[in-house]
Amino acid sequence: MLSAARIFTRRLPSATAVASQQTRYMGSAQSFHINTPDNTPETYFDFTEENYKRVNKILSKYPVNYKQSGIIPLLDLAQRQHGGWLPVAAMDKVAKIVEAHPSRVYEVASFYTMFNRTKVGKYFIQLCGTTPCMICGSEDIKKNIEKHLGIKNGETTKDGMFTLLEVECLGACANAPMIQLNDDYYECLTPKTIIELLEACKRGEPPAMGKWGSLPMNGQVSCEGPLGKTSLWEVPKIEVDVERFKGGEVDPASVKVHMSY
């Protein structure tokens, strides 16, 4: 019997025909699988012994009859093990582990843009092109990346080091323009600092994230303004009535008081 992936593949147009119709990726990807030499249902994939410990830890968080709740973290684990992308064989392995039909896993992997179902470079550059970043210069950032690396949007460098993809909002509008480089946010970019960042990556020395989990490339801390921190110097003290739920009931009319708003 043909696997679900191969049945699905037979009904679809060629990759060339699809690619010729796309002019702007904006974080989208083909919602179906196309076989390539390194990505077929027969391609071998299995978790490492170390990652099987993580698999068991993930599944232990859910009731035995709700293993499918672990699909997303298991796909993420598989993607990290496989160099940043998910072959269909990895999806089939996850489906087997959670005892679900493969199509259920394909649905998840094709819905969330965090999953890459085609190979990406060692450094996956997701460039925000939405309005705040655009008006702050994201087009100049993109042109510099393309010129410096010799690739266009949606392409990977010949050495497999970099993939560039323009995406929708990444939620760092206050520090526009910005990119997500693998898991990390590099913000407040300029045409100059993006080149410095790319060169650091070529050396295998991407700048470490700042205290708050991102790195503005202009020297500021998180999203503080040019004057630095101007408010919230102390943690506010909130008086909480420890008896507020003693009776097991809360008057909806006074819910804000009970929730210490």
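Here is a walk through this structure, from the overall chain to its cores and cysteines.

The model is predicted, so local features need pLDDT of at least 70 and side-chain atom pairs count only at pLDDT 80 or more, while totals for chains, interfaces and linings use all residues. Residues are numbered from 1 along each chain as its sequence is written, and side-chain values use heavy atoms, leaving out hydrogens and water.

Let us start with the whole chain. The protein chain holds ten helices and five strands, taken as DSSP runs numbered from the N terminus (helices H or I, at least four residues; strands E, at least two). Of its 261 residues, 36% are buried, meaning under 20% relative accessible area with a 1.4 Å probe, protein chains only.

Now look inside. A nonpolar core here is a set of buried Ala, Val, Leu, Ile, Met, Phe, Trp, Tyr and Cys residues joined through side-chain atoms within 4.5 Å. The largest one has 25 residues, and Phe47, Leu74, Leu75 and Leu86 have the most contacts inside it. Helices H3 (49-59), H4 (71-81), H5 (88-98) and H6 (102-111) each give two or more residues to this core, with the largest share, eight residues, coming from H5. A second, separate core of 20 residues includes Ile141, Leu164, Ile179 and Leu197.

Finally, the cysteines. With a disulfide defined as a pair of cysteine sulfur atoms within 2.5 Å, the count is zero. Cys128 is buried, at 3% relative accessible area, and its sulfur lies 3.6 Å from the closest cysteine sulfur, in Cys133, which is too far for a bond. Cys188 is in no disulfide either, as the nearest cysteine sulfur, that of Cys223, is 9.0 Å away.

How values were computed: Buried < 20%, exposed > 50% of the residue type's maximum accessible area, 1.4 Å probe, protein only.
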